[in-house]
Amino acid sequence: MKIPIKALKIMAQNLKLTHIVVFAYDGEKQHVATYGKTIEGCSQAADFGNRIKDQLGWPEILHAQPSRVRALVARIKELEQKLQENSGDDQRVTTSNRGKEWLDFSPAVLAHVDNYTIPQWGDKPNDQLHTEWSIDDCMLAIKKYANRAGKNSRGPAEDLRDLLKIAHYACVAWSKRQGL
């Protein structure tokens with residue numbers, strides 16, 4: 001028996017849920033299936049499902065990464081590769097190691113904004129960050145993600161994504177302070 005993700009999606013819609021993790025046993029085999037409404041929810045549900053599999057003693061080869069997450073990771077890698085290839089065109093020059101760290105980090109933030117945030121929440125000037133959020137709201141979001149950093153409660157990929165979110169919220173707060 002395979003639990004169709006479509007069935008979980010319908011259940012989530014009917015019950016107004018954002019995440020579903022299902023464990024089932026048919027008398028012979030154990031089954032774990034997950035669903036998340038957003039890419040982030042999808043990844044979180046899969047991480048939790050993988051922890052259930054670990055507790056049940058399943059081999060790591062049976063860990064799942066949802067297709068939407070795999071596609072996003074592949075797209076980020078593709079964009080990072082393009083940025084790397086075009087880095088010779090970049091007129092920004094730095095001699096400091098911290099400046100070099102920033103030049104390595106900033107393309108990842110850009111890929112996060114363009115490929116994760118914008119598809120889910122829209123773009124300025126029509127997104128919630130522009131129309132409803134204040135500088136204080138941005139600072140609270142930064143504190144939220146900083147407080148949960150490194151706790152591995154959602155897996156290493158989500159810990160890294162939290163750092164990108166912190167940078168994005170800092171950028172939005174900076175822009176708001178500049179009156180942009």
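Colleague: How many aromatic pairs does a search of the whole structure find?
Modeller: Three. Bear in mind that this is a predicted model. One of the pairs is Tyr145 with Tyr169. Their ring centres are 6.0 Å apart and the planes meet at 15 degrees, so the pair is stacked.

Colleague: Where do Tyr145 and Tyr169 lie?
Modeller: Tyr145 is in helix 6 (residues 135–148) and Tyr169 is in helix 7 (residues 156–177). The pair therefore ties together parts that are 24 residues apart in sequence.

Colleague: Tyr145 first. Buried or exposed?
Modeller: Buried, at 7% relative accessibility. Tyr169 is buried as well, with a relative accessible area of 13%.

Colleague: Which residues form the aromatic cluster?
Modeller: Trp133, Tyr145 and Tyr169 make up one cluster.

Colleague: Let's step back to the fold. How many helices and strands are in the protein chain?
Modeller: Seven helices and two strands. From the N terminus the order is α-β-β-α-α-α-α-α-α. The C-alpha trace spans about 65 × 35 × 25 Å along its principal axes. The chain has 180 residues, and 33% of them count as buried.

Colleague: Now charges. How many salt bridges does a search of the whole structure find?
Modeller: Six. One of them joins the side chains of Glu40 and Lys165, at 2.4 Å from N to O. That pair links distant parts of the chain, with Glu40 in helix 2 and Lys165 in helix 7, 125 residues apart. Both Glu40 and Lys165 are buried.

Colleague: And Arg148, which side chain does it meet in a salt bridge?
Modeller: Asp162, at 2.9 Å from N to O. Here Arg148 sits in helix 6 and Asp162 in helix 7, 14 residues apart. Arg148 is partly exposed at 21% relative accessibility. Asp162 is buried, at 0%. Through shared partners, salt bridges join Glu40, Arg148, Asp162 and Lys165 into one network.

Colleague: What about Arg98 and Glu101, how do their side chains meet?
Modeller: In a salt bridge, 2.8 Å from N to O. The two residues are three apart in helix 4, so about one helical turn separates them. Arg98 is exposed at 64% relative accessibility. Glu101 is partly exposed at 44%.

Colleague: Switching to the backbone. Is the peptide bond from Lys124 to Pro125 cis or trans?
Modeller: Cis, with omega near 15 degrees. Most peptide bonds are trans. Pro125 is in the loop between helix 4 (97–121) and helix 5 (128–131).

Colleague: And what is phi of Lys16?
Modeller: Near 55 degrees, a positive value in a residue other than glycine. Most residues other than glycine have a negative phi. Lys16 is in the loop between helix 1 and strand 1 (19–25). Lys16 counts as exposed, at 74% relative accessibility.

Colleague: Last one. Which residues form the nonpolar patch on the surface?
Modeller: Met11, Leu15 and Leu17, with about 260 Å² of accessible area together. Met11 is in helix 1 (residues 5–15). Met11 is partly exposed, with a relative accessible area of 37%.

Note on methods:
Residues are numbered from 1 along each chain as its sequence is written. This is a predicted model: local features need pLDDT of at least 70, side-chain atom pairs count only at pLDDT 80 or more; totals for chains, interfaces and linings use all residues. Side-chain values use heavy atoms; hydrogens and water are left out. Patches are made of residues with over 30% relative accessible area and no salt bridge: like charges are joined within 9 Å, nonpolar side chains (Val, Leu, Ile, Met, Phe, Trp, Tyr) within 5 Å. Accessible areas come from the Shrake-Rupley method with a 1.4 Å probe; for residues, only the protein chains shown count as cover. A salt bridge is a side-chain nitrogen of Lys or Arg within 4 Å of a carboxyl oxygen of Asp or Glu. Helices (H or I, at least four residues) and strands (E, at least two) are DSSP runs, numbered from the N terminus. Buried means under 20% relative accessible area, exposed over 50%, partly exposed in between (1.4 Å probe, protein chains only). Rings of Phe, Tyr and Trp (its six-membered ring) pair if their centres lie within 6.5 Å; planes under 30 degrees apart count as stacked, over 60 as edge-to-face and the rest as tilted.
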